[in-house]
Amino acid sequence: LTESEEFRQAICKNEGTEAVIKSMNSRIEDARSCSHAALVLSNLSFGNLEAKEHVGHLGGIAAIAKAMTLHSDVQAMQARGSLALRNLCYNSEKNQAHQSCVALANMSSINPDNRGRIVKAQGVRVMLKLLNKYPESGTALEDGISILRNIAAGNEVAQADIGRSGGIEIIVHAMQRFKADYGIVGKSTAALRYLCFLEENRSRVAACGGIEAIVSALKSSKSSAVAVENSLLVLPQVTFALS
């Protein structure tokens with residue numbers, strides 16, 4: 001059906017893009033389903049910048065990258081995933097930013113050496129520049145804050161760099177702007193927890209309304225165990241030694 005422009009428009013108009021991404025995320029362990037979903041997303045967005053960026057905004061790029069990582073030995077997944085990412089990022093600066101965030105998040109999630117390399121390559125400033133450029137994109141914020149959280153873990157140089165470059169203000173603003181987005185809230189509170197190992201960062205959090213944002217998140221995140229846990233963990237940390 002997606003080989004026809006008429007059908008592509010009809011699918012998108014009837015929230016087919018949302019349905020495909022939701023299905024992909026719910027069946028991420030199924031390589032065959034994911035490879036077909038990637039191909040559908042590639043076709044739906046072919047030659048249509050608005051459709052491409054809609055896929056990126058909904059988290060489609062992250063879903064494709066996750067499936068490719070999970071099914072690295074499945075040729076169909078790699079071929080269709082690569083084709084989809086190429087089509088989605090072609091002539092779309094916003095999606096290129098999404099893909100960069102996804103790649104850095106994957107690189108920094110479990111490898112401390114990669115975290116150090118990102119910091120040395122001034123990755124903090126690059127990431128903050130991207131987040132400042134797309135402050136209303138929940139997908140970009142969630143991916144970017146994930147990266148800041150990852151590289152801040154156990155790295156005082158990164159913690160200081162993020163704090164001094166305005167990263168704390170960006171994180172707190174994201175929490176204030178997306179109060180009901182438990183993904184952003186959970187990742188933001190986790191990032192602040194690592195950043196607040198430094199006293200100077202605790203002062204920054206307090207100065208930009210971060211404590212209030214954390215308390216507000218705790219009140220409104222009762223249905224998200226991760227967001228509640230991270231909020232409870234960061235509160236004593238951010239208030240430690242503050243008068």
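How are helix 2 and helix 3 oriented to each other, and which residues bring them together? In this predicted model, where local features need pLDDT of at least 70, side-chain atom pairs count only at pLDDT 80 or more, and totals for chains, interfaces and linings use all residues, residues are numbered from 1 along each chain as its sequence is written. Side-chain values use heavy atoms, with hydrogens and water left out.

The axes of helix 2 (residues 16-26) and helix 3 (residues 31-44) come within 9 Å and cross at roughly 155°. Axes here are lines fitted to C-alpha atoms, for helices over the stretch in contact, with angles running from 0 to 180 degrees between N-to-C directions; helices are DSSP runs (H or I, at least four residues) numbered from the N terminus. Helix 2 and helix 3 are therefore roughly antiparallel, the term for angles over 145 degrees. Their crossing is left-handed, meaning that the near helix is turned anticlockwise from the far one by less than a right angle, whereas clockwise counts as right-handed. Thr17, Val20, Ile21 and Met24 of helix 2 make the contact (heavy atoms within 4.5 Å) with Cys34, Ala37, Ala38, Val40, Leu41 and Leu44 of helix 3. These residues divide into nine nonpolar, one polar and no charged, where Ala, Val, Leu, Ile, Met, Phe, Trp, Tyr, Cys and Pro count as nonpolar, Asp, Glu, Lys and Arg as charged, and the others, Gly among them, as polar.

Helix 5 (residues 60-70) and helix 7 (residues 93-108) have axes that come within 9 Å and cross at roughly 40°. They are therefore oblique to each other, the class left once angles under 35 (roughly parallel), over 145 (roughly antiparallel) and 65 to 115 degrees (roughly perpendicular) are set aside. Helix 5 passes helix 7 in a right-handed crossing. Ile61, Ala62, Ala65 and Thr69 of helix 5 touch Asn95, His98, Gln99, Val102 and Asn106 of helix 7, giving four nonpolar, five polar and no charged residues.

Definitions and conventions. Helices (H or I, at least four residues) and strands (E, at least two) are DSSP runs, numbered from the N terminus.
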